[in-house]
Amino acid sequence: MAVETAGQDQKSLSSLWTDQRFRAVLFQALTLGVTGTFLAFIIQNTAVNLENRGIATGFGFLWSQAGYELDNTLIEYGPTNTHGRAFIVGLLNTLLVAAVGVVIATILGFILGVLRLTPNWLLSKAVYWYIEIVRNVPLLLQIYFWYAVMLALPTVRESIDLGFGAFINNRGMQAPAPIFEPGFIAIPIAMLTAVIATVVLKRWAKKRQETTGQIFPVFWVGTALILGLPVLTYFAAGMPLDFETPELGRFRFIGGFTVSPEFVALLLALSTYTAAFIAEIVRAGILAISHGQTEAAYALGIKPSWTMRLIIIPQALRVVVPPLTSQYLNLTKNSSLGVAIGYPELVATLSGITLNQTGQAVECIAITMAVYLTISLLISFFMNIYNRRIALVER
């Protein structure tokens, strides 16, 4: 009887082990257990080490006085402000260089990707060598290169006049600062109205073309709306915008606003470096589209520029967008290299100066990691939404 019971137990265990769902649950439980044990050990070990060294934990240091100065601030900041405000300054600087860099890199990358396929041999080879050189030189060296170029510009007294009250020198670029007067709010409202009107016009033109076959010049009409309506509003509101022009003082320019050489060097390096990768992504996306699409468009008498813009590029986007998302993430994270040239981004402020002054290494690193993780997830979220919109819908 005992032998029969043991045999039945062995069969039941064997049947459980051959059950795929049971094995999946078992392995996941073991993985969670090992991971949880490892994290518990790390947390306990860190707490013991901090206690032995007499380092207090917590985020209260964010409300203590920072005591250091920062350049390139988008908000008011001084040494008497808190570490929390310094963190906000670094976060805003990171978001600024990342947002502007993404726009420039996307435009430049798309242009280079299309030019890479041009039948013009000289132009195609020039773009090829640009891509190969930029992609294979470390980004940090490129940041140093552009920073050296900025520092090699003339001194303040020998500034290069760019016209319209703007100057460039080894301290950056000085430009007129806008002064917003009452009634200026009407101009951005007019701009938003023009953009919405252009979107509505585009949808109407698409339905009209599907019904009648007639093409409406949406691009030119939309451009006229977006540029013309704010200008008309500006004059109708009594020109509620003035500019403070920078003037050369004894040692520096007074008035206006200054774009620092650190920001320009980091922006140029990030944009040109990422654009080289985007160019190859765009080229691959275009080559993924069957050449028969181009031949069919030419057979219908469609111009080459229209063929590329209306037929090839929309189809290529389905291939381009997923790897393009990765490049946006890389550019955002690579902005942390600005610490090498003194640009006060997030890593330089929170994980650099604040960490050294307060000794709150765990908290500073944790906040920095959480911020970059949040930014990356947001970029991926919105790019995935766009990717689903342009994806092919199968029946």
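Helices here are DSSP runs of H or I with at least four residues, numbered from the N terminus. This is a predicted model: local features need pLDDT of at least 70, side-chain atom pairs count only at pLDDT 80 or more, and totals for chains, interfaces and linings use all residues. Residues are numbered from 1 along each chain as its sequence is written, and side-chain values use heavy atoms, leaving out hydrogens and water.

**Helix packing**

- Two packed helices are described by the angle between their axes and the distance between the axes. Axes are lines fitted to C-alpha atoms over the stretch in contact, with angles from 0 to 180 degrees between N-to-C directions.
- Helix 10 (residues 304–334) packs on helix 12 (residues 361–390) at about 165°, and their axes lie 10 Å apart. That angle makes helix 10 roughly antiparallel to helix 12 (the term applies over 145 degrees).
- The helix 10 and helix 12 crossing is right-handed, meaning that the near helix is turned clockwise from the far one by less than a right angle.
- Contact (heavy atoms within 4.5 Å) between this pair involves several residues, including Leu-317, Val-321 and Tyr-328 of helix 10 and Tyr-372, Ile-379 and Met-383 of helix 12.
- Helix 3 (residues 83–115) and helix 11 (residues 346–358) cross at roughly 155°, their axes coming within 7 Å. Helix 3 and helix 11 are therefore roughly antiparallel as well.
- Among the residues that meet there are His-83, Phe-87 and Thr-94 in helix 3, and Leu-346, Leu-350 and Thr-358 in helix 11.
- Helix 3 also packs with helix 12, at an angle of about 30° and with axes 12 Å apart. This crossing is right-handed.
- Phe-87, Leu-91, Thr-94 and Leu-95 in helix 3 meet Ile-367, Val-371, Tyr-372 and Ile-375 in helix 12.

**Nonpolar patch**

- Trp-129, Ile-133, Val-137, Leu-140, Leu-141 and Tyr-144 make a nonpolar surface patch of about 560 Å². Patch residues have over 30% relative accessible area and no salt bridge, with nonpolar side chains joined within 5 Å; areas come from the Shrake-Rupley method with a 1.4 Å probe.
- Helix 4 (121–135) and helix 5 (139–151) each supply at least two patch residues. Helix 5 gives the largest share, 3 residues. Leu-141 is placed in helix 5.

**Salt bridges**

- The count is 2 salt bridges, each a side-chain nitrogen of Lys or Arg within 4 Å of a carboxyl oxygen of Asp or Glu.
- Arg-135 forms a salt bridge with Glu-132, with the closest N and O atoms 3.4 Å apart. Arg-135 and Glu-132 are separated by about one helical turn because they are 3 residues apart in helix 4.

Conventions: Patches are made of residues with over 30% relative accessible area and no salt bridge: like charges are joined within 9 Å, nonpolar side chains (Val, Leu, Ile, Met, Phe, Trp, Tyr) within 5 Å. Angles under 35 degrees count as roughly parallel, over 145 as roughly antiparallel, 65 to 115 as roughly perpendicular and the rest as oblique.
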